[in-house]
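This report covers strand pairing, the ligand shell and the nonpolar cores, in that order.

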Amino acid sequence: MDFDPQALSAVDDPYPVFDELRENHPVFHSAGRDLWVVSRYEDVRAMLLDAETYASGMGTVPTGFVSHKPMLITQDAPYHTHLRDAVHKAFAPSRMRALNGFIRSTTQSLLDAIDPEAETDLFGTLTDPLPVAVVTEILGIGFEDRKEFSSYAGAVIHAVEGQSPTAEEGMLWIYAYLEKMLPDREAEPGNDLVSELLHPAPGVPQLDHDEVVGFCSLLLMAGTETTTNGLGNAVALLERHPELRRRLVKEPKAIPGAIEEFLRLESPVPGLSRVTTRDVELQGQAIPKGSRVHMAFAAANRDERAFPDAQLLDPSRSPNPHLAFSLGVHFCLGARLARTEMRIVLEELLARFPEYEVIPERWVRLQSDAARGFSFLPFIGRPG
Ligand code: HEM
């Protein structure tokens, strides 16, 4: 048996293959890809917590990804620790809470623009634009530039072969935009994250311009498509679970628990890779130093050993230590923000369109080995 992560995420239901891997080949060597796949919860968790043995480096990002700037996610200690210390405070809960009003009002105006009687693509009208609006708001990018910024970000995020602008052009445009912005923010700091990174509080490391640009462009990649996919997966799962949807309409307080289950059962980042820095043995398999090892979050998050009745969508599951946001030194910096975005969108969507319909026969899943979500979600609001 060989394993091809690309084929896995391309199919409608990759989970039987994940189940087979987890139960019968928990550490699987795919000769074709020269990749080890680890799929049991405890093993994936142990890998995430041992960053010395399982290094990030360029192993973390999809093959073919190009970055010309230092990026948090592809670095290891001690440089990763330095970068993370520098950006950590800028992502403090107080800054994130201050975004709640923006997230709600943006969601409301995106929903206002939807004709409830007509079919619309919810990806284009809501799940895609909202996370980009949030990141540009964090960066303090003016409203007048947001559209252009978002279209170049789209080129980077949804890199499509032969498309113009290309992902590379999009990235360079974003770098140039951010670089041009820095001297102004240096001279006249505002309330935004860029100004805070340029003027760190005492004791917080100072980043250079390349590092600031690298971090801001990482936010665009790590903070947008992931959240878009989290939202799309939630909407689709609620289509499949009408009884849960009815409950959430009546009892919005249950939404956060449901979101954890959406993230566990349909993890937007189904897996990531690391590179071994020494020879290791896992589940009786010898993995040599320098090997690429793939952590299959999507398989681990359905492991019965960690989640009783793992296939069941149970919003009251507690604890729910899923790995959708990773764990350890690279734990998602935007987890709190992503959860807030998902909560506010679901609150607003269910309040306005409790009877919405999405059409599973025509929705289009992303064809990607790095992301699980939708690129087209035919939606009809059907107001009550
Ligand atoms: C549902 C939405 C999201 C999911 C599923 C998700 C998932 C992840 C995962 C799995 C990692 C870990 C990478 C690793 O272990 O190597 C990560 C890292 C990261 N995420 Fe998220 N993310 C989401 C939303 C966001 C948002 C909204 C932001 C910010 C605007 C963000 C910013 C980051 C950053 C900066 C890192 C790198 C952290 C580091 O390497 O130290 N993410 N995310």
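In this predicted model, Glu357 stands opposite Ile380 in β12. Strand β12 (residues 378-380) is joined to β9 by 2 bridges, and the two run antiparallel. Both belong to an open sheet of 3 strands with the order β4-β12-β9 and antiparallel pairing. β4 (119-121) and β9 (357-358) each have a single partner strand and stand at the edges, so one side of each is left without a neighbour in the sheet.

The ligand has 28 residues around it, of which His80, Arg84, Ser326, His330 and Cys332 come nearest.

| Residue | Atom of the residue | Ligand atom | Distance |
|---|---|---|---|
| His80 | side-chain N or O | oxygen | 2.7 Å |
| Ala222 | polar backbone atom | nitrogen | 3.2 Å |
| Arg274 | polar side-chain atom | oxygen | 2.8 Å |

Two or more residues of the shell come from each of α4 (79-88), α12 (209-222), α13 (225-240), β5 (272-276) and α17. The largest share, 3 residues, is from α12. By class, the shell around the ligand consists of 18 nonpolar, 8 polar and 2 charged residues.

The largest nonpolar core has 83 residues; Leu139, Leu193, Phe215, Phe262 and Tyr356 touch the most other members. Helix α17 (residues 335-352) gives this core its largest share, 9 residues. Apart from this core lies another, of 19 residues, including Val44, Tyr54, Val280 and Leu323. Leaving aside residues up to four places away in sequence, Leu193 touches Ala90, Phe91, Arg95, Ile138, Leu139, Phe215 and Leu219.

How values were computed
Residues are numbered from 1 along each chain as its sequence is written. This is a predicted model: local features need pLDDT of at least 70, side-chain atom pairs count only at pLDDT 80 or more; totals for chains, interfaces and linings use all residues. Side-chain values use heavy atoms; hydrogens and water are left out. A nonpolar core is a set of buried Ala, Val, Leu, Ile, Met, Phe, Trp, Tyr and Cys residues joined through side-chain atoms within 4.5 Å. Buried means under 20% relative accessible area, exposed over 50%, partly exposed in between (1.4 Å probe, protein chains only). Helices (H or I, at least four residues) and strands (E, at least two) are DSSP runs, numbered from the N terminus. Contact means heavy atoms within 4.5 Å. Two strands pair if DSSP finds at least two bridges between them. A residue is near a molecule or strand if one of its heavy atoms lies within 4 Å of it. A polar contact is a pair of N or O atoms within 3.5 Å; within protein, one must be able to donate a hydrogen and the other to accept it, and residues adjacent in sequence count only if both atoms are side-chain atoms. Ala, Val, Leu, Ile, Met, Phe, Trp, Tyr, Cys and Pro count as nonpolar, Asp, Glu, Lys and Arg as charged, and the others, Gly among them, as polar.
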